[in-house]
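Please consult the sequence and structure shown below while reading.

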Amino acid sequence: MADMTAETTATRQVSFSALRPSREAVVGTLAVLAFLVLWQIAPSMGWVNGRFTSRPTEVFFAAIDVFRKDDFLFHARISLTEFVAGFALAIIVSIPLGVLLGTSKIARYLIDPPLMALYIAPTLVLLPIMVIWLGIDMAPKIAVVFLGAVFPIVLNTMAGMSEADPRFLRMARSFGATKLDIFMRVLVPGSLPALLTGIRLAVGRAVLGVIVGELFVSQAGIGYQINLYGSAMRIDRLLVYVLIVSAFGYTLTILVRSVENRIRDWRSK
Amino acid sequence: MAQIEIRDLGIDYRKPKSNEVFSAVDNVELSIEKGEFVTIVGSSGCGKSTLLMAVAGLVNLSRGSIKIDGKQVTGPGPDRAVVFQEASLLPWRSVRGNVKFGLEMQRWNGGDLNERAMQMIRLVGLSRFSDYHPHQLSGGMRQRVNIARALAVDPDVLLMDEPFGALDAQTREIMGTELLRIWERHKKTALFVTHDIDEAIFLADKIVVMGRNPGHIKEVIKVDLPRPRDEAILDSDDFHSLRKRLRAHLAEDMSSMQLVKEVA
Amino acid sequence: MIVELFYRRQALILGTLSMIGLLVFWQIAVDAGLINPFFISTPSQVWTEFLVQFEDGQVAANVGATLYCFVWSMGLATVVGIVLGMLAGWFRDVESALEPFIWFKYSAPTVAFYPLFIAWLGYGTPTIIAIAFLFALTPIYANTLSGIKNIDRDLAKAARSFGAKPLDIFLQVALPGSVPVMMAGLRLGVGRALTGVVVAELFGANAGLGYAITYYGQLMQTTKMMVSIVIVILLGVILTQILSFLESKTDSWRVDSGR
Ligand SMILES: Nc1ncnc2c1ncn2[C@@H]1O[C@H](COP(=O)(O)OP(=O)(O)OP(=O)(O)O)[C@@H](O)[C@H]1O
Ligand SMILES: [Mg+2]
């Protein structure tokens, strides 16, 4: 439920037609345009200090600059590496753990409290200690991405497994299914949507982890650049980088969601 | 000897979160011949499902024994297949996938799984829908799939727990006739739980009437209506008198239920 | 009765055991020389240090500063999130207009704006509150929106057939019906507001738990740092528990009134 906003886009019925775009799309576009215009003229009208707000046009030109020079690819590669490493590690650890917790009540009772505490608590506070343990290179960022991503996946996998419909289990047993059969043919496919939900929620936390980790202490990466331009008050470039990160997180979330929806679609409602 | 022999059967449930026991079924004696169609009726909560699940090997017996072809029932087996009331189709599998499920679980080696599944799907009249997923089917169609899945594993005994309970009256009647048509072909022993008196009579060679507290058999009624049967039989005199008898039984049970409520 | 109690408490008993086990393991692993205490300290050292920090008022000061920012940001996020969520839930166009911004907010790393906020609002408390506010806003807004939007259609239709006006329907049907979903949004918001405060404090503050963590982190004083980390984790659990409790209250209230 953490991201109901997303839910509303998905459930809305989109009636695309070449001639008449939906009212929502028009209103949304108008709102964004209005915001851009306001943002553009506000400094000239003396309402705000342009040095602190920049302008859409400035951001646009800064974007061109960033992509052409500024070692963008170099920094992007570093951040992406941290993201992928941390996320992959989280998936490798969390799925088996989620399965264990979802299928064994005792394990669940034992591990649930510390797990919940770490899920609720801001894992980003562990960043300084990660820096002490792992230095200031990629490792602490990978660790923070891992910590951010691992809990949503574990908890959702666990829920998907342990909340399997008991009627399915009984049905499978009536045909003489073994424990392994039940696991492979009922529990795994049954908990796939929940697992994907976990992964989707993990994306946002992982992206935040990379950026916060790099903002905190780093020598390269998108977060490093954000920090650099932030302290230099180059708001235009700062915004370019923030927009890039947003676009990345947005795209990935939408991607996972579309897989999720596809799977849910050819299942029951 | 009969095919299914139930002797002095008793099943206790432990009440949730305590160690009190609750007797759901007690002192049940029942013999079922090979190829017989037996229906079980009784008011809600009298232990019909429990009895059926015991024959399926899905609940543990507390007392007595169940034997099938002389062999003690200790768990589910390939000689029996269950048709559940509802929601037992796997939503992520197609109709064919669902029908194949039982075959896969029993490591079926009587030829190609797909072919066998399609054959069963044709039998229940769903050939056109074999690639559909359960949520795209009506309730009646889903129960056909359920039946196809059970028949696919070629069991000796077919166990059905209110398979048409969630259907409307018309669909229910059609499904009943359909079930008889399929059953006439294979003459598998069938144990069929229902709430519906007409359904119980229409299908049965033998009706088991159950009472409650704890679940026990009140009477076993033979049905000698001629086969094959169709809807016309519903208006026959024999049918009417059977219906009257069953009604009286169930009314008795309802009034005793009322009494329990008032005392409590 | 006793058996029932055990079953009810099984989760609690095993959970407590595992927590204690974890602490004991931590202590023993360090004492036995398996882990260098410089990296992780030990529970006993953390406890001793906690008492010291408690005595000299550091704990109170840091918790106070963090809670101050937390309360402000959570309060603002609650008001803004619920008002916007209601408007967006009731008026389709408001929702459409807000949607692009909410999406941007959802996928942008909020913390990246902290130089901007420092420029606009100044160093310290105001910036921390602003960032935490943005952290907490999304779930509160989103849940209110969905709560209002998914009102009980049948109930609304029934109300309309009795001649209820849209405002009546909003007040009598939509609002009460969406309270539980809103409460869930607040519960999620609490966790995120706390994250926002502490993370913002990591980057720029003069007081607060996040500040203490970075401060001692830079000095490489693991034990002192651990005190604040543990407090943050406990705070997160306690605050969320409080909201879960309130949530269950409103839920049961709703069921009762529904009868
Ligand atoms: N798993 C269980 N644990 C404890 N009690 C149970 C369990 N399953 C059933 N019971 C109890 O056993 C009794 C008989 O249940 P059963 O489901 O067999 O009744 P039924 O005749 O099939 O009822 P219905 O017609 O409503 O399906 C009921 O009182 C029920 O509450
Ligand atoms: Mg039943």
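A polar contact is a pair of N or O atoms within 3.5 Å; within protein, one atom must be able to donate a hydrogen and the other to accept it, and residues adjacent in sequence count only if both atoms are side-chain atoms. In this predicted model, that rule finds 2 residue pairs in polar contact across the interface of chain C and chain A, both at pLDDT 80 or more.

**Extent of the interface**
- Contact involves 65 residues of chain C and 55 residues of chain A.
- About 5,200 Å² is buried between chain C and chain A, and carbon and sulfur atoms give 78% of this area.
- Trp103(C), Tyr106(C) and Pro109(C) supply 12% of the area that chain C buries against chain A, more than any other three residues.

**Charged contact and composition**
- Between chain C and chain A the count is 1 salt bridge; Arg23(A) forms a salt bridge with Asp93(C), with the closest N and O atoms 2.4 Å apart.
- On the side of chain C that touches chain A, α5(C) gives the largest share, 13 residues.
- The residues of that side comprise 45 nonpolar, 15 polar and 5 charged.

**Aromatic pairs**
- Over all chains, 23 aromatic pairs are found.
- The ring centres of Phe35(A) and Phe101(C) are 5.3 Å apart and the planes lie at 75°, so the pair is edge-to-face.
- Phe35(A) lies in helix α2 of chain A and Phe101(C) in helix α5 of chain C, so this pair joins two chains.
- Phe35(A) is partly exposed at 41% relative accessibility, as is Phe101(C) at 29%.
- Trp103(C) and Tyr106(C) form an edge-to-face pair, 5.5 Å centre to centre with 85° between the planes; both residues are buried.

How values were computed: Residues are numbered from 1 along each chain as its sequence is written. Chains are lettered from A and ligands numbered from 1 in the order in which they are written. This is a predicted model: local features need pLDDT of at least 70, side-chain atom pairs count only at pLDDT 80 or more; totals for chains, interfaces and linings use all residues. Side-chain values use heavy atoms; hydrogens and water are left out. Contact means heavy atoms within 4.5 Å. Buried area is the accessible area (1.4 Å probe) that two parts lose on being put together, summed over both. A salt bridge is a side-chain nitrogen of Lys or Arg within 4 Å of a carboxyl oxygen of Asp or Glu. Helices (H or I, at least four residues) and strands (E, at least two) are DSSP runs, numbered from the N terminus. Ala, Val, Leu, Ile, Met, Phe, Trp, Tyr, Cys and Pro count as nonpolar, Asp, Glu, Lys and Arg as charged, and the others, Gly among them, as polar. Rings of Phe, Tyr and Trp (its six-membered ring) pair if their centres lie within 6.5 Å; planes under 30 degrees apart count as stacked, over 60 as edge-to-face and the rest as tilted. Buried means under 20% relative accessible area, exposed over 50%, partly exposed in between (1.4 Å probe, protein chains only).
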